[in-house]
Amino acid sequence: MNMKRFSIISLLLWIGILAFASGKPKVMWLDCSANFQRFSYPDSIRYYVDKCHEAGITHLVLDIKDNTGEVLYPSKYAAQKKNWKNFDRPDFDFIGTFIEAAHARNMVIFAGMNIFADGQNIVKRGDIFDKHKKWQAINYVPRKGLLPVTEIEGKPTMFLNPALKEVQKYEIDVIKEVVRNYAFDGIMLDRARYDCIDSDFSPESKKMFEKFIGKKVEKFPEDIFEWRPNAEGGIDRVGGPYYHQWLTWRASVIYNFIKDVRTSIKKIKPECMLAAYTGAWYPTYFEVGVNWASRNYDVSKDFNWATPDYKNYGFAELLDFYTNGNYYWNVTLDDYYKSSGKFKNETDSEFSTGEYLCVEGGCKYSKYLLKDAVPVCGGLYVEDYKRDVNQFQKAVRMNLKESDGVMIFDIVHIIRNGWWDELKEALDETKLDEARMIKGTVTCDGKGIANVVVTDGQRCVTTDKNGIYHLPNLGNTRFVYITTPAGYLTDCEQTIPRFYQEIDLNKTNEYNFRLKKNPKNDNKHLFVLEADVQAGLKEHWDLYAPIIDDYKQLINQYSDRDVFGLNCGDLFWDTPATFFPPYIDKAKKLDIPIYRAIGNHDMNYNGATHETSYRTFEGYFGPTHYSFNKGNAHYIVINNNFYVGREYFYIGYVDETTFKWLEEDLSYVPKGTLVFFITHIPTRITEQKRPFNYDYIMLAGETINAEAVHQLLDGYETHFLTGHLHSNSNIVFNDHQMEHNTAAVCGIWWHADVCIDGTPQGYGVYEVDGNQVKWYYKSAGHPKDYQFRSYAAGTSKEFPKDIIANVWNWDKLWKVEWLENGKVMGTMTQYTGVDPYAHQVCTDKKSTMQSWISIVFNDHQMEHNTAAVCGIWWHADVCIDGTPQGYGVYEVDGNQVKWYYKSAGHPKDYQFRSYAAGTSKEFPKDIIANVWNWDKLWKVEWLENGKVMGTMTQYTGVDPYAHQVCTDKKSTMQSWISAASTEHMFRATPRNPKAKIEIRVTDRFGKVYQQNVSK
């Protein structure tokens, strides 16, 4: 039967199931051992089938072959389980009673069958200890070698070797027996897998694997993998030359067995469904030899353990019905990201991480892997939630929402916990729809407030005349929140305005907001605007404290009006979870509401997608896009840091969800309104739109779809308030739109009291009166009329004869003049240049320890990426590429530029380091030179006894000295520090190793440097 016909039959069977039991399938698993005594009487069976039916269960999985390998009926092949834990079951038609009861209630019933499990070690029961002993798996056990599974201490379930033809025939004979003799609607395969990654290493498996790959395996099992002790006292699994093919072969064993099962079932009873249960943790499920994905999913593109052939053994298309275990306490992705993220499943050899390790993520990932080959009912383990029935209901609903049904394992836990009513409530799909409607009120002093915008971050509605709102919610958003109306205030906790509430539909779908009247007329208000606090060390908070004091002193001068704060993001330096609490502790001294935007350094970078990057920030400060009103002004805060899912890289970009919300939000704001638009990354840093260059400086330095934002705000009087660049500027786009890019509170990353453009540490101050706005820049520690810094003639190397002024908050409506003896001499010339004080600070290695230099490439520009002054983070006098600690020196004469690299503590003609033959492990016979300031116009030669022998070969490699330092634990204290490959390495093989060997380097300007190569 071809795969297309399989798919058609599966679809027809699934349609039949849905017709037989309306709505999504709701499956209850009935464990064989845990319910043995309970299900030993016909009236008890009918009672519990009734209970399931009343709760909304539509499908039953009746375990009739458990992990002992015993069955619950008289069998020609397997031992019958007649007693358990000193209880003897009365003689009656156990299976027939269940089937009759289920079908009388229009329920679907599967025969649950443990396949390759054949014994329970705790009670020493199962044929694996006796007549099937020759079929038992041989496991490759760490530190112990090859052991029969019955000899492994502490292993509860004993597995047979799935690859043995005798084993497969035996299991299929038992399945066929059940299909012939009982009116089950389907067969549910359970544990149709290998025991674990250690299994099976029997001689028979070796022979079959050799046949599969067409060659002999000389070292077995070492050529598959071996267990190696590690430095931490643990043991690692190290793959051998055939490891990946071994995994593929094991998957082929399980695939072909399931294919044979399907053929056998359909020959006897074509309408009988083939179903299977597996774990949902696919990225590690290869350890048990199972590929439950669709054949249309190429796993080798996502995981390096899979060969390109691995996808051929995806068995989803062989199934008519499928369920898998999302056996996790964490239900939502938010739950997962609040946890450690680490999890070890039943079949795993080690802990793993990933979004699929929660119910929501597991369901979504399963759907992705199955490619619609077969519907999936997400499963849950009731015992995971024994301490919280709300979490249990949440898991039931999430499986129903994100998969094609739900499977409950096991009825025994529902009975013990007395959760029948809770189960019925959670399974009720009509209540699920009702639960998706969020409702509530917005009131002040008990009276409803009309026309307040309420949103979940995607959809917006307004309150009616009584302050009541109803908001459709699809369960895919974290918060419900309001646009705080003008004239009102929300509660504020430690400067965090509580205009939002976190949604938990398992607890309630009603969210009420109680506001209070603003005691001041907010038509006239003031806000302070800060950007880039960027604390990366605990001592930075001590440096931030005086800035807070400066804020307070200024705020106290404006007691006549409403005052609040805005923050443009980058509160921290890639350590949000560590530094949010100390920041909040410092900021709370201001005792004003502060509305915050997220910055790129406030994001988490350990997720796979942008959507994972802002969850920690949200946990402390609420939604990352929202709005509020003050007087006549409308304030909008959005997240335009788009994490690309790799390392720490991001771009400036407004995503579709935010954009759609922004459109809805503005639909309630009349044209002509004064709007403040707050983001971290600038929308644009030039008056006119520049041609787009696909380079990281532009991608991460501006909002690449800013034009769409500007167009959306056309017709409003808009001020864009941004940070990110650690410099200060005001850019007028047109008569109605202007951007204020605000300098960094941290200055040069807390190393100096000035920013890289010469702007002092400080913040913006904006005074709003109706539709009128005035602003100034407040330099921390200075009076508010300190608005520029002046330099005497001779200070600037760019213009040594000129006086210089840095007017940091300048725009084109400012006027800058100079006077001599009280007389105005004229307007000073505006130019783009370097602030002398900032230049002094940035070239002083005692003030700054970082160097980031990069400009946009084109055919008349060149980038000089300068080595770090700190070397290997102050642990050594060399950088990770072998360049010495130092700095660049540039000599400018008109339009001519010359430059060299000055190594700290060395003469300026120290331009390379040489190594004798035998120093480099990469090229042990060669002499080596590291020419750190090299470019393609340099020449590197070697000499023997004074004679030029030729040009040395340029290569990409590691500097031997840097390698030595980075691997010496006494020199570097960080595990992440390692030597970096660089392109400025050169090598040559001496023709006469005994000769006097020298290296001669000629730079692009013709200057020659020469060294003897010491031996």
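Tyr 694 is exposed, since its relative accessible area comes to 72% (exposed means over 50%, buried under 20%, and partly exposed in between, with a 1.4 Å probe and protein chains only). Tyr 694 sits in the loop between β35 (674-678) and α18 (696-701); helices here are DSSP runs of H or I with at least four residues, strands are runs of E with at least two, and both are numbered from the N terminus. Together with Phe 692 and Ile 704, Tyr 694 makes a nonpolar surface patch of about 370 Å². Patches are built from residues with over 30% relative accessible area and no salt bridge, joining like charges within 9 Å and nonpolar side chains (Val, Leu, Ile, Met, Phe, Trp, Tyr) within 5 Å. Areas come from the Shrake-Rupley method with a 1.4 Å probe, and for residues only the protein chains shown count as cover.

A word on the ground rules. The model is predicted, with local features needing pLDDT of at least 70 and side-chain atom pairs counting only at pLDDT 80 or more, while totals for chains, interfaces and linings use all residues. Residues are numbered from 1 along each chain as its sequence is written, and side-chain values use heavy atoms, leaving out hydrogens and water.

Now for the chain as a whole. Its secondary structure comes to 21 helices and 54 strands, and its C-alpha atoms fill a box of roughly 120 × 95 × 45 Å along the principal axes. Of the 1015 residues, 56% count as buried. The chain exposes about 45,500 Å², with carbon and sulfur atoms supplying 50% of that area. Among contacts (heavy atoms within 4.5 Å) between residues at least 6 apart in sequence, 69% join residues at least 24 apart.

Gly 762 shows the buried side of things. This glycine belongs to strand β39 (residues 762-769) and counts as buried because its relative accessibility is 1%. Setting aside neighbours within four places in sequence, Gly 762 touches Ala 743, Ala 744 and Val 745, plus Tyr 777, Lys 778, Ser 779 and Ala 780. Asn 86, by contrast, is 676 residues away from Gly 762 in sequence and 79 Å away in space, C-alpha to C-alpha.

Then there are the charges. The chain has 117 positive and 129 negative ones, and their mean positions are 4 Å apart. Lys and Arg count as positive and Asp and Glu as negative, with His and the chain ends not counted; each charge is placed at NZ of Lys, CZ of Arg, CG of Asp or CD of Glu.

The structure holds 37 salt bridges, a salt bridge being a side-chain nitrogen of Lys or Arg within 4 Å of a carboxyl oxygen of Asp or Glu. One of them pairs Arg 1004 with Asp 935, whose closest N and O atoms are 2.9 Å apart. That pair links distant parts of the chain, 69 residues apart: Arg 1004 is in the loop between β53 (997-1002) and β54 (1008-1012), and Asp 935 in the loop between β48 (927-930) and β49 (939-944). Arg 1004 is partly exposed at 29% relative accessibility, whereas Asp 935 is buried at 12%. Elsewhere, salt bridges that share partners join Arg 191, Arg 193 and Glu 346 into one network.

Two lysines round out the picture. Lys 216 bridges to Glu 210, with 3.9 Å between the closest N and O atoms; Lys 216 is exposed at 59%, while Glu 210 is buried at 9%. Lys 131 pairs with Asp 127 at 4.0 Å between the closest N and O atoms. Here Lys 131 is partly exposed at 47% and Asp 127 is buried at 16%.
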